[in-house]
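Here is a short briefing on one protein structure. Look at the sequence and the 3D view first, then work through the points below.

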Amino acid sequence: MNSTAQLRWGNLYPELGQDPIPTEACISPKIFEQEIEKIFSKVWLKVGRVEEIANKGDYKVKRLDFAKTSVILIHAKDGQVRGFHNVCSHRGNKVIVETGDETFGHSKAAVVSCRFHGWVYDAKGDLVNVPEEEKFSACFEKKNNGLTPIRTEVWEGFIFINLDAEGGQSLTEFLGTMGQHLASYPFAEMEECFAYNTVLNCNWKVAHDAFAEAYHVATIHAGSFPNVFASGLQDVQLLGDHRTCAVCLTKNAHPKPAAKLSGEITGASLVHHYQRQQLPPSVNPHDRDDFSFELSVIFPNILIHVTEGVWFTHQFWPISHNQTRWEGRYYLPKAKTYSERWAQEFAQILQRNAWLEDTATMEDTQSALESQAKKVMHLQDEEILIRHGYHVLEQYLNGRKEHIA
């Protein structure tokens with residue numbers, strides 16, 4: 001151990017330890033299967049936003065490769081959003097044919113129909129029509145053959161599902177203090193969404209960890225955000241399974257002229273000093289004048305970043321032990337003028353370029369780790385969110401069942 005090391009977060013959270021992190025969790029097919037069984041098949045997972053299916057009869061199909069299923073999310077006439085496995089009760093065909101990782105549609109009658117034999121289900125999942133029903137045997141009853149439900153709940157406009165049909169933990173219980181920390185932020189007021197996704201040849205944690213620290217900013221983002229963000233995190237809070245912190249600007253941050261102009265026109269840029277208007281009291285609680293954005297991680301696979309006038313997410317869906325689907329979404333309010341539109345477009349392209357810089361490291365990391373030339377990763381103090389992530393992961397894999405609130 002370096003005797004001169006200043007471990008402010010390590011000393012604050014000694015239960016996480018300070019030892020190197022084994023790399024096995026990022027390259028082992030066996031550990032990957034355990035993660036699917038004990039984590040992704042058991043905990044609450046964000047699968048959408050209510051704005052995506054805003055009208056009654058709107059539906060979304062989200063493919064979940066790790067679970068070998070896809071989920072129908074449908075906005076019912078009673079206003080509820082419900083989730084179901086996309087599997088017909090007749091002979092197992094997919095009720096809605098997928099056109100990609102996400103599929104959207106609308107049914108005026110708020111029903112969905114299997115294309116194979118025309119069985120019709122309503123937005124509560126009940127089977128309401130079977131062609132030539134009289135030809136089925138007497139033991140067949142429509143009331144017993146609805147869609148298979150998936151536990152579905154909404155928090156702050158985020159749609160979450162839980163694939164564990166036997167589980168009893170509510171979404172509120174799962175989120176715990178994190179749910180309170182980000183509550184009341186006006187997510188829905190940012191209606192403009194710029195969305196990106198791709199498949200990366202790396203473990204989901206390798207992708208996740210690349211976004212969960214600011215240590216890399218001075219090197220990886222020297223082109224998009226030169227000398228803008230500080231490498232040190234602020235206001236780190238470990239909230240049970242989840243975690244959050246503030247990412248701040250350098251004291252001598254001087255954005256390039258176009259970025260500076262974009263920030264002056266609209267709040268779409270992260271490189272900007274803001275007057276508090278939208279942030280909950282728990283975010284930037286000390287009103288730091290160098291605050292840029294809050295970086296929050298909801299276990300296991302989504303990062304939510306919020307600041308004034310913009311918020312964005314990264315989500316990492318496991319496909320195999322060395323393959324991940326990354327989804328990035330950047331949310332802004334609707335532009336009211338052409339100058340605002342330009343400023344927003346510039347800001348989101350700058351952000352997209354930074355994300356490309358981030359994702360460019362991930363596949364190299366995976367291939368290097370798989371050489372097994374290095375057995376551990378050495379984390380510095382400012383990578384405390386990553387250390388906490390592996391700590392929580394280990395607890396789940398070792399059979400921890402209760403939620404830490």
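K42 and D164 form a salt bridge, with 4.0 Å between their closest N and O atoms. A salt bridge here is a side-chain nitrogen of Lys or Arg within 4 Å of a carboxyl oxygen of Asp or Glu. K42 sits in the loop between α3 (29-40) and β2 (45-49), and D164 in the loop between β11 and α4 (171-175), so the pair ties together parts that are 122 residues apart in sequence.

This is a predicted model: local features need pLDDT of at least 70, side-chain atom pairs count only at pLDDT 80 or more, and totals for chains, interfaces and linings use all residues. Residues are numbered from 1 along each chain as its sequence is written, and side-chain values use heavy atoms, leaving out hydrogens and water.

**Salt bridges and burial**

- Buried means under 20% relative accessible area, exposed means over 50%, and partly exposed is in between (1.4 Å probe, protein chains only).
- K42 is partly exposed, at 42% relative accessibility.
- The whole structure holds 22 salt bridges.
- One of them joins the side chains of R49 and E51, at 2.9 Å from N to O.
- R49 is buried, at 3% relative accessible area, and E51 is partly exposed, at 37%.
- Another salt bridge joins E98 and K94, whose closest N and O atoms are 3.2 Å apart.
- E98 is buried, with a relative accessible area of 18%, while K94 is partly exposed, with 42%.
- Salt bridges also link E52, K60, K62, D101, E102, R325, E327 and R329 in a network.

- Helices (H or I, at least four residues) and strands (E, at least two) are DSSP runs, numbered from the N terminus.
- I159 belongs to strand β11, which covers residues 158-162.
- Is I159 buried or exposed? I159 has 1% relative accessibility, so it counts as buried.
- Contact means heavy atoms within 4.5 Å.
- Beyond its neighbours within four places in sequence, I159 has contacts that include L45, V47, G48, R49, L73 and V81.
- The C-alpha atoms of I159 and G48 are 5.0 Å apart in space, yet the two are 111 residues apart in sequence.
- UniProt, in an unreviewed entry, places the feature "domain: Rieske" at residues 44-161.
- UniProt positions follow the numbering used here, feature names are shortened, and annotations may be inferred rather than shown by experiment.
- The end C-alpha atoms of residues 44-161 are 5 Å apart, and the span is 0% helix and 42% strand.

- Which residues of helix α8 (residues 257-265) are buried? They are A259, S262 and G263.
- These residues cover an arc of only 95° around the axis, which puts them on the same side of α8.
- The arc is that of the directions from the helix axis to the C-beta atoms.
- On the other side of α8, P257 and E264 are exposed.
- The buried residues of α8 pack against α9.

**A nonpolar surface patch**

- L261, I265 and W342 make up a nonpolar patch on the surface, with about 250 Å² of accessible area together.
- Patch residues have over 30% relative accessible area and no salt bridge; like charges are joined within 9 Å, and nonpolar side chains (Val, Leu, Ile, Met, Phe, Trp, Tyr) within 5 Å.
- W342 is part of helix α9, residues 338-359.
- W342 is partly exposed, at 38% relative accessible area.

How values were computed. Areas by Shrake-Rupley, 256 points an atom, 1.4 Å probe, with all protein chains shown as cover.
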